[in-house]
Amino acid sequence: MSIQDQVIQIIAEQAVLDPSDVTPDSTLESLGIDSLGLVESIFSIEETFDISVPFNANDPSGSDFDISTVASIVAGIERLIAEQA
């Protein structure tokens, strides 16, 4: 399973959606994910990929981790994994 597929699966679970309803262009807001769902998604992503996401739930806009779309989240995760290698 690709990183993108895994991220879509995690986000779909948080949004209580079918993974086919989540596209790379989807925003978390458009999927109905609130701040608590976002935090739970980040925790799940960290656990799944064994990474630490530089994200502050109290100041999402001040983070270097782009959460604007599913594709940007995937790109950020790929970058973090590459930095750990």
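**Figure 1. Confidence along the chain of the predicted model.** Helices are DSSP runs (H or I, at least four residues), as strands are (E, at least two), numbered from the N terminus. Averaged over the chain, pLDDT is 92, and 99% of the residues score at least 70. Where pLDDT is low, the predicted coordinates should not be read in detail. This is a predicted model, in which local features need pLDDT of at least 70 and side-chain atom pairs count only at pLDDT 80 or more, while totals for chains, interfaces and linings use all residues. Residues are numbered from 1 along each chain as its sequence is written, and side-chain values use heavy atoms, with hydrogens and water left out.

**Figure 2. The salt bridge between Glu-83 and Arg-79.** One salt bridge is found when the whole structure is searched; the term denotes a side-chain nitrogen of Lys or Arg within 4 Å of a carboxyl oxygen of Asp or Glu. The side chains of Arg-79 and Glu-83 form this contact, with an N to O distance of 3.9 Å. Both residues belong to helix α3 (residues 70-84), where they stand four residues apart, about one turn of the helix. Glu-83 is exposed, at 54% relative accessible area, whereas Arg-79 is partly exposed, at 39%. Buried means under 20% relative accessible area, exposed over 50%, and partly exposed in between (1.4 Å probe, protein chains only).

Figure 3. Asp-64 is located in the loop between α2 (35-49) and α3. With a relative accessible area of 70%, Asp-64 is exposed. Leaving aside residues up to four places away in sequence, Asp-64 touches Pro-54 and Arg-79, where contact means heavy atoms within 4.5 Å. Asp-64 and Gly-76 are 12 residues apart along the chain, and their C-alpha atoms are separated by 9.1 Å.

**Figure 4. Leu-80 in helix α3.** Leu-80 lies in helix α3 and is buried, with 10% relative accessible area. Not counting residues up to four places away in sequence, Leu-80 touches Ile-51, Ser-52, Val-53, Pro-54 and Phe-65. The C-alpha atoms of Leu-80 and Asn-56 are separated by 16 Å, and these two residues are 24 apart along the chain.

**Figure 5. Two loop residues with positive phi.** Most residues other than glycine have a negative phi. Val-16, although not a glycine, has a positive phi of about 55 degrees. Val-16 is placed in the loop between α1 and α2 and is exposed, at 72% relative accessibility. Asp-50 is not a glycine either, and its phi is positive, at about 55 degrees. Asp-50 lies in the loop between α2 and α3 and is exposed, with a relative accessible area of 62%.

Figure 6. On a 1 Å grid over the protein atoms alone, a pocket is an open set of points with protein on both sides within 12 Å along at least five of seven lines, and lining residues have an atom within 4 Å of a point. The largest pocket has a volume of about 160 Å³, the volume being the space filled by probe spheres set on the points, which are joined across faces, edges and corners. Of its 13 lining residues, Leu-28, Glu-29, Ile-33, Leu-38 and Ile-67 lie nearest the centre. The lining comprises eight nonpolar, three polar and two charged residues. Ala, Val, Leu, Ile, Met, Phe, Trp, Tyr, Cys and Pro count as nonpolar, Asp, Glu, Lys and Arg as charged, and the others, Gly among them, as polar.

Key: 1 Å grid on protein atoms, 1.4 Å probe; cavity = no way out; pocket = protein on both sides within 12 Å on 5 of 7 lines; lining within 4 Å. pLDDT = per-residue confidence, 0-100.
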